[in-house]
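Please keep the sequence and the structure at hand while reading.

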Amino acid sequence: MPSAKVNNLIKMVNQIAANICFQSSEQEVVVKIANHLQLFWAKSMKQDIIEYYQQDGEGLSDLAGQAVARLAGQ
């Protein structure tokens, strides 16, 4: 079970995905989400969400999960 901190990150990335998802194709949306995380999230936040994704990732929406995987270089 993710910590409260990670739960907040999951919520945030899912919200970003939900807000961006109507703007472009799926692949473009994934790139936009990953870019947003890269530009605006602290290194520790990115590390935490990547670790969560790699361990489970169940709470992430499909687009958010794809973006985190991209961020992780997968």
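## The nonpolar core

The model described here is predicted. Its largest nonpolar core contains 22 residues. Those touching the most other members are Val 13, Ile 33, Leu 37, Trp 41, Ile 49, Leu 60 and Val 68.

Helices α1 (4–20), α2, α3 (43–55) and α4 each contribute at least two residues to this core. The largest share belongs to α1, with seven residues.

Leu 60 shows how such a residue is surrounded. Apart from neighbours within four places in sequence, Leu 60 contacts Ile 10, Val 13, Asn 14, Ile 49, Tyr 52, Tyr 53, Gly 65 and Val 68.

## Helix α4 and its surroundings

Of the ten residues of α4, seven are buried, so this helix is largely enclosed by the rest of the structure. The buried residues are Leu 63, Ala 64, Gly 65, Ala 67, Val 68, Ala 69 and Leu 71. They pack against α1, α2 and α3.

After α4 comes Gly 73, which has a positive phi near 80°.

## How α2 meets α4

Helix α2 spans residues 26–40 and helix α4 spans residues 62–71. Their axes come within 8 Å of each other and cross at roughly 60°. Because of this angle, α2 is oblique to α4. The crossing is right-handed.

On the α2 side, the contact is made by Glu 26, Gln 27, Val 29, Val 30, Val 31, Ile 33, Ala 34, Leu 37 and Gln 38. On the α4 side, the residues are Asp 62, Leu 63, Gln 66, Ala 67, Val 68, Arg 70 and Leu 71. Sorted by class, the contact of α2 with α4 holds ten nonpolar, three polar and three charged residues.

## How α1 meets α2

Helices α1 and α2 pack with their axes 10 Å apart, at an angle of about 135°. This angle means that α1 is oblique to α2. The crossing of α1 and α2 is right-handed.

From α1, Val 13, Ile 16, Ala 17 and Ile 20 take part; they meet Val 29, Lys 32, Ile 33, His 36 and Leu 37 of α2. By class, this contact of α1 with α2 comprises seven nonpolar residues, one polar and one charged.

Definitions and conventions. Residues are numbered from 1 along each chain as its sequence is written. This is a predicted model: local features need pLDDT of at least 70, side-chain atom pairs count only at pLDDT 80 or more; totals for chains, interfaces and linings use all residues. Side-chain values use heavy atoms; hydrogens and water are left out. Axes are lines fitted to C-alpha atoms, for helices over the stretch in contact, and angles run from 0 to 180 degrees between N-to-C directions. Helices (H or I, at least four residues) and strands (E, at least two) are DSSP runs, numbered from the N terminus. Angles under 35 degrees count as roughly parallel, over 145 as roughly antiparallel, 65 to 115 as roughly perpendicular and the rest as oblique. A crossing is left-handed if the near helix is turned anticlockwise from the far one by less than a right angle, and right-handed if clockwise. Contact means heavy atoms within 4.5 Å. Ala, Val, Leu, Ile, Met, Phe, Trp, Tyr, Cys and Pro count as nonpolar, Asp, Glu, Lys and Arg as charged, and the others, Gly among them, as polar. A nonpolar core is a set of buried Ala, Val, Leu, Ile, Met, Phe, Trp, Tyr and Cys residues joined through side-chain atoms within 4.5 Å. Buried means under 20% relative accessible area, exposed over 50%, partly exposed in between (1.4 Å probe, protein chains only).
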